[in-house]
Amino acid sequence: MATLESEAIKARLLEEARARAEDIVKKAEAEAERKIREAEALWRERAEKERRRIISEAEKEANNIISDAVREARFIISIEVDNIISDILNQAYNVIRSRGFDVKASLKNLITESMKTIDSPRRLIVSRRDLETAREVVTELGLTGVSIEVGDIEGGIIVESASGIIVDNTYESRFKEFQNKYLNEIRRILWG
């Protein structure tokens, strides 16, 4: 009987040990699954942070590239606008050089305009090719005692009064004045 009893005790102890072992395994598996879920959650969180960081850096880089491209485009456009305006102004000045207008009427207007600023003209400086026309204009305007000299100018006149006041009404100076006064207006007309 003792053997039977000892067999029963052995079986019971073995069953308890098996149950305890199964319980330990279940708890270990549950703990392992919990740790795996935590690790996966941590990995997802880190991956999401890294994804956001990469996207943010890519957006910053894209914005910098776009900003640089816009700045470069504006610079190129500005240079081209300046070149176009320069060409337009050169063409306009070529009309002055080629005398595509009534030079006699022009000189008469310039002398008359100069006389609004000065008392009486004493000396006129003109371009070599306008010398004879200037003499005719002075005669037509009835100006006396005025010396007419050739100067290094494209056209128009420089008028000096008896009191020493000088009025520069050369085509060059008037064209520069026009540029200074209307350059922004020209830009606005051409490009809005």
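Let's start with the strands: strand 1 (residues 121–126) and strand 3 (residues 156–161) run antiparallel to each other, paired over 4 bridges. Strands count as paired when DSSP finds at least two bridges between them. Helices (H or I, at least four residues) and strands (E, at least two) are DSSP runs, numbered from the N terminus. Within this pairing, Arg123 sits opposite Glu160 of strand 3.

A quick word on the source: this is a predicted model, where local features need pLDDT of at least 70 and side-chain atom pairs count only at pLDDT 80 or more, while totals for chains, interfaces and linings use all residues. Residues are numbered from 1 along each chain as its sequence is written, and side-chain values use heavy atoms, with hydrogens and water left out.

Back to strand 1, which also pairs with strand 2 (residues 147–150), in the parallel sense and over 4 bridges. Here Val126 has Val150 as its bridge partner in strand 2.

Now for the rings. Those of Phe, Tyr and Trp (its six-membered ring) pair if their centres lie within 6.5 Å; planes under 30 degrees apart are stacked, over 60 edge-to-face, and the rest tilted. That gives 4 aromatic pairs. Phe101 and Tyr171 are edge-to-face, because their ring centres are 5.5 Å apart and their planes at 85°. Phe101 lies in the loop between helix 1 (2–98) and helix 2 (103–114), and Tyr171 in helix 4 (residues 171–191), 70 residues apart.
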